[in-house]
Amino acid sequence: MSNELVAGTLTLWARSLRGDRWLVLGWGVALAVLYWAQAWSVDRLYPGEGELARMAAAMERNQAMIALAGPARSLDTIGGQVTWQASAFGAVLLGLVVMVVVTRHTRAEEESGRDDLVRSGVVGRFAPPAAAVLTALVVSVFSGALVTLSLVVYPLDVADSVALGVGLVLCGLCFTGTSLVAAQLVSSTRGARGIAGAVIAAAYALRAVGDVSVPALSWLSPIGWYQAMQPFSGLRWWPALLLLAAVVVNLALAGALLVRRDIGAGLVASRPGPARAGPALSGTVGLAWRLQRGGVVGWSVGLFLTGLAYGALGTEVEDLVGDSDLGLEMMTQGVPDLVDGFFATMLLMLALLTAGFATSSTLRPRSEEESGLAELVLSAPLGRGRWLLSWTLVTVLATLLVLVVAGLGIGAGYAFVTADPVQAVSFVLPQLQHAPAVLLLAAVARLVHALAPRLAALAWAPLVVAVVVMFFGDLLDLPRWVRWLSPFDHLPLVPAEDPSLAASAAVLGVALAVGAAGQLAFRRRDIG
Amino acid sequence: MPSDVIEVRELVKTFGRVWALDGLDLQVRAGEVHGFLGPNGSGKSTTIRVLLGLLRADSGTVRLLGGDPWRQAADLHRRLAYVPGDVSLWPTLTGGECIDLLGRLRGGLDAARRDELVERFALDPTKKGRSYSKGNRQKVALVAALAADVELLLLDEPTSGLDPLMEAEFRDCVYAYREGGGSALLSSHVLGEVEQMCDRVSIINEGRLVESGSLAEMRHLSRTAVTAQLRGPATGLDDLAGVHGLRSAGGEVSFEVSFEVDPEAVEPALRLLLEAGVTGLVSQPPTLEQLFMRHYGERR
């Protein structure tokens with residue numbers, strides 16, 4: 001390639017790296033922790049060899065877990081556990097990170113018009129995408145290197161640790177290429193991310209089906225190739241060549257597409273939308289729903305799948321928990337009946353995740369204020385109180401929906417492993433028992449948003465407190481009053497404990513009072 | 001109907017230690033298009049946001065269409081429409097959806113009027129909010145506001161981003177709207193636009209009213225710009241009180257002078273020119289640009 005085509009690449013690369021340095025650092029560390037934490041927790045949860053073997057034997061039979069994580073190989077070793085539990089999720093996570101990096105420095109730049117400005121300088125046609133790929137390369141290599149390093153230091157076997165890191169890097173590069181191809185196809189960043197995300201999801205799904213029933217399908221997926229390297233259970237290097245080939249093909253394809261299109265345009269013309277609003281988009285409730293629809297669907301799918309994974313473990317609880325106190329506390333909240341305790345913990349876990357959705361949804365009107373859109377809407381004849389209530393209504397209903405879906409997910413997982421279809425709906429009501437606490441966290445977020453709009457990020461603090469109390473309350477021996485701060489601490493641990501109408505009503509009452517206070521405070525303050 | 005659609009007295013609004021509005025007065029009469037002029041950061045948008053009931057006044061009185069914009073926002077908004085200065089749209093909604101949504105929020109809109117305006121402003125209503133240029137986002141907000149049947153328009157720099165053809169369309173729409181008895185407050189720093197469209201003007205700076213009145217009233221305060229070709233050098237002009245910015249260029253046979261002159265010095269200045277022998281003379285009323293420069297130039 002002549003210099004003419006890539007002039008300016010290094011300057012652009014330096015700029016991208018500068019902008020992404022925290023992202024590179026953060027995700028590199030996060031991915032390393034994902035792998036390393038598997039080794040650490042397996043070691044702590046199953047200290048005796050018998051325990052690990054017992055758990056491994058249970059997991060090897062569990063088709064749901066195999067579909068979620070990958071082929072069960074050498075699960076009675078720490079390395080095997082790390083590979084099994086972390087490799088598929090690690091590849092997906094890194095894929096999503098490089099997807100954001102690549103599209104941000106290519107399609108988003110074009111969409112914003114900044115790319116025109118850059119390309120008006122001495123910049124080759126391939127320079128912006130090349131700089132984006134190099135940045136994604138740095139993210140991938142840094143993550144892979146940290147993974148390998150953390151495992152070698154742990155200490156696990158060096159060659160296998162290197163393979164786990166190298167495979168991860170190659171997966172990252174493979175999805176870098178996919179994202180770059182997607183960025184050539186459509187003219188919107190959102191669209192490009194949609195395509196790249198779908199490819200990553202397909203890669204994950206193909207190997208899931210392949211690992212459980214049709215082995216050939218796993219060989220169509222980059223994640224499948226990564227796991228076919230079999231780190232810690234008969235390591236082989238040749239599947240890495242498949243990944244390498246995919247990287248080359250993807251990048252070449254992206255380059256070929258790039259020279260065949262105009263800058264700013266996609267190969268697929270952007271689709272026009274409706275010239276008129278449909279009947280659903282006729283008020284502030286319709287608007288609030290329309291703007292959050294995608295998020296609600298995303299959270300629902302995510303929590304359904306998470307619930308599915310939890311539910312599928314329901315028959316293996318005893319083997320899973322092991323004999324350590326740590327395992328008992330983390331997985332059953334100290335409840336004597338293991339299965340009930342396990343489900344109580346998982347329902348609480350799903351409720352905490354739902355509270356994440358509820359908090360972000362509660363803060364959504366804040367971004368409407370910041371962008372000036374609230375101003376435009378509020379110039380119409382509706383009070384600010386009604387405007388905010390519309391958003392709150394959508395948040396409350398969507399939160400309940402997400403909780404129900406999460407409950408269905410855990411039920412479906414349990415129904416699958418017990419072959420008892422009735423179980424599918426049996427966790428919906430218990431899951432809804434947590435609704436008052438989730439709504440209370442949302443109400444606190446509303447109050448923060450109303451009183452201190454510029455400090456709205458503080459609205460996440462109560463959720464952090466609730467998470468800390470749940471996971472570390474007993475381990476850290478937190479004082480009574482700190483636990484008291486978590487609304488979940490006031491509700492019974494269903495199904496291990498009996499539901500309490502009085503407790504639910506009390507927490508719901510507090511949620512209503514706090515929410516109403518937020519609503520009133522909002523009506524008294526400036527917008528913007 | 002009250003004779004003033006907007007009546008603001010001694011309005012104060014602070015943000016922390018910043019005094020955005022510092023005792024502002026503003027009056028807009030029914031049936032007039034009122035120009036609202038000021039440099040960036042002078043408090044124009046803050047005033048409009050107080051008028052919309054989005055911000056709460058710290059002190060002073062604000063009457064809008066005879067009501068209190070903070071307490072009666074929803075009721076009053078039935079009778080007004082607003083175009084923000086920097087329009088942002090929902091990235092995933094099309095322009096057409098935005099217009100319909102905003103129309104429905106104010107209780108439905110006239111579909112024929114909407115279509116006419118969409119065509120008039122050459123707007124493609126099928127594009128998503130994120131793919132519109134600044135000018136096109138502005139058009140979406142303009143169509144939504146002009147399609148509404150209201151008695152007051154609050155326009156915050158409504159033509160920023162519009163091309164001259166679209167600006168002309170916008171002016172025609174506002175003329176027609178005024179013919180129909182509507183009132184408007186039009187903030188701007190595009191002086192030509194205010195000069196062409198507005199009956200009266202208020203000039204503000206640093207949160208205070210500097211001057212208010214019809215353009216005719218304000219012109220008498222200002223200078224006349226004169227350029228003259230002369231047979232000989234004009235002597236004494238540089239000593240004459242009330243003559244500003246004198247520039248002269250002289251050759252062998254002809255001389256040219258240009259200067260600005262206060263109204264009371266026009267007559268003595270002309271005498272001096274006549275003495276030098278005038279072959280050509282151009283005198284212009286000051287543009288609003290000059291008014292602007294004078295008011296803000298002296299204060300900075």
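Me: What does pLDDT tell us, and what does chain B average?
Reply: pLDDT is the predictor's confidence in each residue, on a scale from 0 to 100. In this predicted model, local features need pLDDT of at least 70, side-chain atom pairs count only at pLDDT 80 or more, and totals for chains, interfaces and linings use all residues. Residues are numbered from 1 along each chain as its sequence is written, while chains are lettered from A and ligands numbered from 1 in the order in which they are written. In chain B, 93% of the residues score at least 70, and the average pLDDT is 88.

Me: Which domains does the assignment give for chain B, and how many Å apart do their C-alpha centres lie?
Reply: Domain bounds here come from an automatic or database domain assignment. For chain B that gives domain 1 (4–215) and domain 2 (224–299). The C-alpha centres of these two domains of chain B are apart by 39 Å.

Me: In what order do the six strands of the open sheet in chain B run, and which are the edge strands?
Reply: Strands (E, at least two residues) and helices (H or I, at least four) are DSSP runs, numbered from the N terminus, and two strands pair if DSSP finds at least two bridges between them. The order in chain B is β5-β6-β7-β3-β8-β9, with mixed pairing. Two of these strands pair on one side only, so they are the edge strands by the pairing rule: β5 and β9 (208–214) of chain B.

Me: In which sense do β3 and β8 of chain B pair, and which residue stands opposite Phe36(B)?
Reply: Strand β3 (residues 33–37) and strand β8 (residues 200–205) of chain B share four bridges, in the parallel sense.

Me: Which element gives the largest share of the side of chain B that touches chain A?
Reply: The contact takes 32 residues from chain B and 29 residues from chain A. On the chain B side, α2 (73–77), β5 (80–83) and α3 (95–105) each supply at least two residues. The largest share, seven residues, comes from α3(B).

Me: How many nonpolar residues has the side of domain 1 of chain A that touches domain 2 of chain A?
Reply: Chain A is divided into domain 1 (3–258) and domain 2 (284–524), and their contact takes 13 residues from each of the two. Ala, Val, Leu, Ile, Met, Phe, Trp, Tyr, Cys and Pro count as nonpolar, Asp, Glu, Lys and Arg as charged, and the others, Gly among them, as polar. The domain 1 side has one polar residue, three charged residues and, as for nonpolar residues, nine.

How values were computed. Contact = placed C-beta atoms within 7 Å.
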